Amino acid sequence: MTGRMLFFPWGWGGGAAYTGRCLALAAELAAAGAEVAFADCGIPAMVREAGFPVLDSGPGAPRPPARHPTPPYLPFADVERVFTVAAAFHRIERVRRRLAADARLIEEFRPTAVVVDMYPTAALAARAAGVPVVSLADADFVTPRANGWMPWSTVAPRDLLPHPAGLPVWDEVSRELGLGPVARTEHLLWGDVTLVSSDPGLEPLDGPPHRGALHYVGPMYWNPAGAAPEPPRTDRPRVYVTIGSGGNMARRALQNVLDACAERPWTVYVSSGFAFQGGLVVPDNVVVAGFTGLDAPLAWADVVVSHGGSATVLAALLHGKPSVVMPFMSEQELNGRQLAEATGAGVLLRTSATLPHGRLAFTDRTSGPADGPYVPADDIRRGVEDVLADPGYTERAAAWGARLRARRESADLVGLARSAVAPAAGVRR
């Protein structure tokens, strides 16, 4: 495939999954002959390590912060709340500044297509310039149902995170660009082609596509070229721990995991992500690495302890490995409910319930109603023990792994990206 592809991965408080999905597609497009570049959003360090150029948005453009401190649990009920709370995109001048920066990058790079991963301003800027959009998405990014990230909630999204409404801003700027009204924030993330990194049996979407064609393509994620150290050789049960790339990870939460693994007859390999902080008590049976990638440790592991990020849980299923999920936000809890518990391929250690006036109540899997900010070590230990003791978890994960491998192997990512460009030929202004 010849052409020029410009990528915009989400980065406001997000982990590595957004940038990783973009890198997975970028690698295939580059191998097919496309010229690839990334905007300076997402995690630029990952992009540079992968060998792709990062374009400067210029002065005054709102950018994701280097670190994004977060509370122990974020109750985002839908993407509108994410855009509003994480990026302050309820402020119309801020949205206009980011739109202008994205439009400038598009004008300067002159892409054949723009690729977004949960990045609404670039999608609008591309459409205004007549450039086709390829959208990489979790199913809950584009779902038509209410409370798409938190469908068990019984209150309105603003009851949980009472920032100002963002939808009126998106509607106004869309009309200003001549693109018409915006009825739902999720509609911003539909591309001319939308690629969902999953399987419809795991994460079904009801209703017709809002825009363009939608394709389930199986798990998309990126492995760094030099992940070290390698997982240790051992004859004991192997536990891989990854609770995020750093943005949502607290030292106390990771210490609870380490405490859960102490003095157990396991060998434990920990990905500490990009934002690892020292001062942890590391048991003798634990090896702490940096940003490990996923394939090597998942091939090694017997069980995966994670935060429930979509890339991690789907990759674990792809490798046929059961999950123990300890979520730090609503979408991660949703992944634990759908991809671990509902499939029988893992356990979810903490669930939330919404109460009147936007309050939350948490329940831990073993110890019951929770009053601490993080899942305690005893619950983590019990979750790992239960999964290791029951081979049914691994059998069910392996069955889903076969299905996900078949879907991923049959997906022609380059051809699907090309299909977004072909109908738009001659449309660009």
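Helices (H or I, at least four residues) and strands (E, at least two) are DSSP runs, numbered from the N terminus. The views below show a predicted model, where local features need pLDDT of at least 70, side-chain atom pairs count only at pLDDT 80 or more, and totals for chains, interfaces and linings use all residues. Residues are numbered from 1 along each chain as its sequence is written, and side-chain values use heavy atoms, with hydrogens and water left out.

**View 1. P208 lies in a loop between two strands.** Look for this residue between β6 (193–196) and β7 (213–216). P208 counts as exposed because its relative accessibility is 72% (exposed means over 50% relative accessible area, buried under 20%, partly exposed in between, with a 1.4 Å probe and protein chains only). From C-alpha to C-alpha, P208 and A31 are 33 Å apart in space, and 177 residues apart in sequence.

**View 2. Helices α5 and α7 are roughly parallel to each other.** The axes of α5 (residues 120–128) and α7 (residues 167–176) cross at roughly 20 degrees and come within 10 Å. Axes are lines fitted to C-alpha atoms, for helices over the stretch in contact, and angles run from 0 to 180 degrees between N-to-C directions; angles under 35 degrees count as roughly parallel. P120, T121 and L124 of α5 make the contact with W170, V173 and S174 of α7 (contact means heavy atoms within 4.5 Å).

**View 3. Helix α10 is mostly covered.** In this helix (residues 310–318), 9 of its 9 residues are buried, among them S310, V313 and L318. Just after α10, G320 takes a positive phi of about 70 degrees.

Terms used
Parallel < 35°, antiparallel > 145°, perpendicular 65-115°, else oblique.
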